[in-house]
Amino acid sequence: MRPGPYERHGELLQSVVRAIAAGECRRPFTEATGQDAADAGMRSTRTAGKVFRSLLGRPFDLGQPGKVGLVRTESSPYGVGPAVAYPRCDPAALVAAAERSAAGWRAAGPYERAGLAVEILRRLNTRSHELALAAHHTTGQSLQAAFRAAGPPAQDRALEAVAQALAESERLPADLHWESAGRGRRPRPLRGTCVLVPRGVSLLVGCPDFPLWNGYPGLFASLVTGNPVVVAPHPRSVLPLAITVRVARQVLAEAGHSPDLVTLAVAEPERRVHRRLATHPAVRIVDFTGSARFADWLEQHARQAVVFANRTGLNTVVVDSTDDYRGLVRGLALSSCLCNGSVRTTPQNILVPEQGFGTDEGHRTLRDLGADLGDAVDRLLGHPARVARVLGTVATDEVRGALTEAARYGPVLHASGPVIHPDHPDADLRSPLLVRLRASDERVFTREWPGPVTFLVGTDSISHSLALLRRTVARHGALYASVHSTDPLVLAAAGTAALDAGVHLVENLDDLPADPSSALAEPPGAGAHFVTGRFRVVRSRRHAPPAAGPAPARPEVTGELVDV
C-alpha cells in the first residue's frame, strides 16, 4: 500500500518543527537546489521557458465553478508574448464551493493536511524555473531576483508556515481526562475532547511585487489549519499564483479531496473583486501584504474576518556613525537599486543628523553622503550585466509619476534616468532618485512612494532621528528599519524605538532586506497568532462511568476549593 502524505513527508516536517522550536533556520528546498541556485539554476530555464511560452495567449483552464467568461489583466513589462486568459468566476460561487468542501477537509485532520501541503510544495519545487519566469514577466523583477522570490526560498517560507501550523495543532490534546468533586459530593470522573475548528473560508489578496514570497505563508497556514482558500491575485501578477492554484488543485483531487479547497479569483480591476470577497460574510480570514492604505481599508471593512495585514510603509534607515563607511554606502546603493521599479522594499527614508556623523574615514556631512551614494549607484549600474541582475522594470504609470513628483520637493542628489537592459532594450528601467529633505518636510516623506524613490532627511540629532522613526513607522508601517551606529547606547535606543513602532530592526548590516531571499526578511506575522488566529478550539465534556472498585473516601470539608 502506498504510504499516505504524512508518512511520506513526516520526517521532513518534524525536522522543521524541531528547528523552529530551537530557533534555528532550516531551508530544505534552497539547500537541495544549491547555494548558487539563483545563478546556476538559470541554466535550467530553457525547458521551463518552453513550458512558460506554451501558456501565453491561451486559456488557463482550472475547472472551477461559477465560470462566466475569460479575463486578461497582465502584460509583460519585457514585451514577451500575449497575455494569458484566466477563468472569470462569480466570487459568490467560489465562496460557496469553498464552504461545501470545508467539512471533508476539516475531517482529514492536521497530519493529512500538512502532508498534502508538503506534496504541493514538492511539485511546485520541480517547477521553480517556470514560476521564476512567470514572476519575472509579470512583476518586472530581474530573472535572478524572481527565481529567489518565486523558487526554493519562497517554498521554504511556505514549509515553515506548514510546520508552524502542524506544531500548533499538535499542542492540543485530543482526549481530556479529569475529576470533578464538589463540597459534600464524591468525585466524579469526566471525559472530554478537544477539537481544532477552522474559522472558515480564507482569502489571499495577492501582492503585485512578490506574489509567492508574500502569499505562500498565509495560503499554506490556512490550508493546514483546515480552511479552504480563495486566491485573488493582483491583476498585474496573476500567473505565479495561477500556477500554484493549478498544482494545489491537482494534488487535492488526486488525494480524494475537493479541488475547490483552493480556487482562483481573477477579474478586471474595475470589478473590485478583492473588496467584494473581503467583505463576504463567509470569508473569515484575509491575508494581505502591500500598501498601508488598502491594509487600513481591510481592517475597517472586513469586520467579519481576522485580517493579517503586512504593511510595506516607510522603510527607514537611521545613520549615526559607522566603522565601515564604504560598506554603508555600497549597501544603501544596492538596496536602492535592487528590483527598484517593481517592489516597495527600497529604503525610502534615510535619517541623518544635519551636522553629519563620524566614520572610519573621518567626519562626513549630509552632502558627502548624498554625493557618495549617487556615485556608488552610477558605478553599480555602469556595467550592463549588473543592470540585468539588479534592476527591475518600471511597470506602471504610478511609479513614473512618483519619480517626477518627488523630484520637485527638494534638491536632487541623484536624478532618476533611463537605463538600458542588455537583453530587453525596450524595457523601461530607471536608476534610483535621491532627494534631500528637511525634517520639517514630514508631509512628503511620510507618504508611501512607489518605486525607486529615496529621501535623505536631515535631522537635528540622533535623538530626533529616532523620534521620527518611532512616530512615522508606528503610524504608517514599514517592512524594516535599519540603524548604523558604533555607540551601544544609540543601538539600545534604536532597539527600543523599533519595539515601540513594531518593526523589524537591522543593526549595522549592509544587507538590507530589499532582496526577498535575504535572511533578514521574516515571514509576515511570524508569531504564533499568525497560525492560531486561523482556528478556534472547541472542547466537549461528559461524565464517565467510575472505575471498578471501592468508592473513594469523601474529602473532608475544609473550606478550600476542591473542584478543578
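Which residues in helix 7 meet which residues in helix 8? The points below start there.

1. Basis. This is a predicted model, in which local features need pLDDT of at least 70, side-chain atom pairs count only at pLDDT 80 or more, and totals for chains, interfaces and linings use all residues. Residues are numbered from 1 along each chain as its sequence is written, and side-chain values use heavy atoms, with hydrogens and water left out.

2. Helix 7 against helix 8. On the helix 7 side the residues are Phe147, Arg148, Ala149 and Ala150, and they meet Pro152, Pro153, Ala154 and Gln155 in helix 8; contact means heavy atoms within 4.5 Å. By class, this contact has six nonpolar, one polar and one charged residues. Here Ala, Val, Leu, Ile, Met, Phe, Trp, Tyr, Cys and Pro count as nonpolar, Asp, Glu, Lys and Arg as charged, and the others, Gly among them, as polar.

3. Geometry of the pair. Helix 7 and helix 8 (residues 152-170) pack at an angle of about 20 degrees, and their axes are 3 Å apart. Helix 7 is therefore roughly parallel to helix 8 (angles under 35 degrees count as such). Axes are lines fitted to C-alpha atoms, for helices over the stretch in contact, and angles run from 0 to 180 degrees between N-to-C directions.

4. Cover of helix 7. Of the eight residues of helix 7 (residues 143-150), seven are buried, meaning under 20% relative accessible area with a 1.4 Å probe, protein chains only. They are Gln144, Ala145, Ala146, Phe147, Arg148, Ala149 and Ala150.

5. Seven strands form an open sheet with mixed pairing, in the order 14-17-18-11-10-19-20. Its edge strands, strand 14 (412-414) and strand 20 (505-507), each pair on one side only; two strands pair if DSSP finds at least two bridges between them. Neighbouring strands are turned by 20 degrees against each other on average, direction ignored.

6. Within and across the sheet. Strand 17 (residues 433-438) and strand 18 (residues 453-459) run parallel and are joined by six bridges. Arg436 has Leu456 in strand 18 as its bridge partner. Helix 19 (residues 488-501) lies across strand 19 (481-484) and strand 20, at about 165 degrees to strand 20.

7. Whole chain. The chain has 20 helices and 21 strands, which are DSSP runs (H or I, at least four residues, for helices; E, at least two, for strands) numbered from the N terminus. Of its 564 residues, 57% count as buried.

Technical notes
Buried means under 20% relative accessible area, exposed over 50%, partly exposed in between (1.4 Å probe, protein chains only). Angles under 35 degrees count as roughly parallel, over 145 as roughly antiparallel, 65 to 115 as roughly perpendicular and the rest as oblique.
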